[in-house]
Protein chains: 2
Amino acid sequence: MRIMVAKLTYFAMMGLGEPIRLIFAATNIEFEDIRIGKEEWQKLKPTLKLPHLPMLEMDGKTIFQAIAICRYLARKNGLCGSSEDEALDIDVTVDTLEDMRKKTVVHYYQPDSEARTNGLKEAINVTIPSYLKIFDKQLEENKGYLVAGKFTWADILFLSHTDYLSYLLLLDILVNFPNLKKYREKISDLPGIKEYLQKRPPHPGDCRVFFF
Amino acid sequence: MRIMVAKLTYFAMMGLGEPIRLIFAATNIEFEDIRIGKEEWQKLKPTLKLPHLPMLEMDGKTIFQAIAICRYLARKNGLCGSSEDEALDIDVTVDTLEDMRKKTVVHYYQPDSEARTNGLKEAINVTIPSYLKIFDKQLEENKGYLVAGKFTWADILFLSHTDYLSYLLLLDILVNFPNLKKYREKISDLPGIKEYLQKRPPHPGDCRVFFF
């Protein structure tokens, strides 16, 4: 285990903190995994440069924006492909995974309960499968990974986002995509990731508790 | 002017196509600037790998995801800072500019007219100024640029997003931020960008015409 002074602050859930935790796990970097609740968040929020988490403190810097943090850690630790063309393909895949996540969580955190139910149905039946078809095809074309026939941070984001959305929606979103399921298992079994998943703390039943 | 075989397809408006056009302009790369309307979009959409624009065809590849495209072009053309730490600071700034844009356009494209008016008021009076304060401070700390005391693609995204949001909202969002206004003028006056802005086609009065 490499020792770095890295401290990650995020809510006690998966969300946008999880891909960062998984990148640390996959690259064997020790970090302080601070998981906060609603009350701590309300105290912390007004003191921050940007009003959201995750926040990473590392090398004397305080860094916000989850995806930018992931990309930086991936670049520094060999998870960003081996050319600018591969880095582009990873970025495109990551932004598409982010689109899938955002189009789902916008309904999950919708306060009106009828609009919420209808929105989540649409996400489960239409939006998510339309994205999963894209990733399924990429898997076929990239020798069992999402990009460039090798393990990159796009695979970590896939694992974390499909896990997180399945958790929010109380169903496995990959149920009709057997190849994606096998691929998620393969990524979950990688050294570092496997040990992290075995020991990670439980998540709240309802992630809205942090915000409402 | 360097000649490349680059073809950019986007709607006949600023939006997410504009930062790509501006990066081409700033780096003196000629490109085919295809601007389509609603009817052409409806025909094109079902044929695409991802159901959105912009789409860049270059070097035999068809590339989606505007911000990924910008980053790739910036990396290839010296607009991405000179270290991974600077590239990180650019990414964080870009994602924050994207947050500001998204939190505004979500109201702009809201179909319910009362919710739309209230949402846009909130964007103008609260959301946008809270982000502009962050960028104003960055400008002070980075010698008149957003990152690293030099011109990067974060400055191009600032120009394109503040221009675009001002256009949508029918007011200059920088009106109470004199330093940001001067800085936007400075970026607008850079070689390549200045000529592009002088000759760019007019935009529609209402950008919703492409989607509704």
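At 53% relative accessibility, K137(B) counts as exposed, a label given to residues over 50% relative accessible area, whereas buried means under 20% and partly exposed lies in between (1.4 Å probe, protein chains only). The model is a predicted one, in which local features need pLDDT of at least 70 and side-chain atom pairs count only at pLDDT 80 or more, while totals for chains, interfaces and linings use all residues. Residues are numbered from 1 along each chain as its sequence is written, chains are lettered from A and ligands numbered from 1 in the order in which they are written, and side-chain values use heavy atoms, with hydrogens and water left out.

K137(B) sits in helix 5 (residues 113–141) of chain B; helices (H or I, at least four residues) and strands (E, at least two) are DSSP runs, numbered from the N terminus. Although K137(B) and L180(B) are 43 residues apart along the chain, their C-alpha atoms are separated by 9.7 Å.

We turn next to the meeting of the two chains. Here, 26 residues of chain A are in contact with 26 residues of chain B, contact being heavy atoms within 4.5 Å. Together the two chains bury about 2400 Å², 56% of it on carbon and sulfur atoms; this buried area is the accessible area (1.4 Å probe) that two parts lose on being put together, summed over both. Between chain A and chain B the count is 10 salt bridges, each a side-chain nitrogen of Lys or Arg within 4 Å of a carboxyl oxygen of Asp or Glu. Strand 4 (61–64), helix 3 (66–76), helix 4 (84–108) and helix 5 of chain A each give two or more residues to the side of chain A that touches chain B. Helix 4 of chain A supplies the largest share of that side, 10 residues. By residue type, the side of chain A that touches chain B divides into 10 nonpolar, 4 polar and 12 charged residues; Ala, Val, Leu, Ile, Met, Phe, Trp, Tyr, Cys and Pro count as nonpolar, Asp, Glu, Lys and Arg as charged, and the others, Gly among them, as polar.

K61(A) pairs with D89(B), the closest N and O atoms being 3.3 Å apart. D85(A) forms a salt bridge with K61(B), with 3.8 Å between the closest N and O atoms. Since D85(A) lies in helix 4 of chain A and K61(B) in strand 4 (residues 61–64) of chain B, the pair joins two chains. D85(A) is partly exposed, with a relative accessible area of 27%, and K61(B) is partly exposed at 24%.

Over all chains, a search of the whole structure finds 40 salt bridges. Within chain B, R75(B) and E84(B) form one with their closest N and O atoms 3.1 Å apart; R75(B) is partly exposed at 22%, and E84(B) is partly exposed at 25%. In chain A, the side chains of E18(A) and R21(A) meet in a salt bridge (2.7 Å, N to O). Both lie in helix 1 (residues 18–26) of chain A, 3 residues apart, about one turn of the helix, and both are buried. E18(A) and R21(A) are linked with D33(A), R35(A), D163(A) and R200(A) in a network of salt bridges.

Finally, in helix 7 (residues 178–188) of chain A, the buried residues are L180(A), Y183(A), R184(A), I187(A) and S188(A). Seen down the axis of helix 7 of chain A, these residues fall within an arc of 140°, so they line one face of the helix; the arc is that of the directions from the helix axis to the C-beta atoms. The face turned away from the buried side of helix 7 of chain A carries the exposed residues P178(A) and K182(A). What covers the buried residues of helix 7 includes helix 5 (113–141), helix 6 (153–169) and helix 8 (193–199) of chain A.
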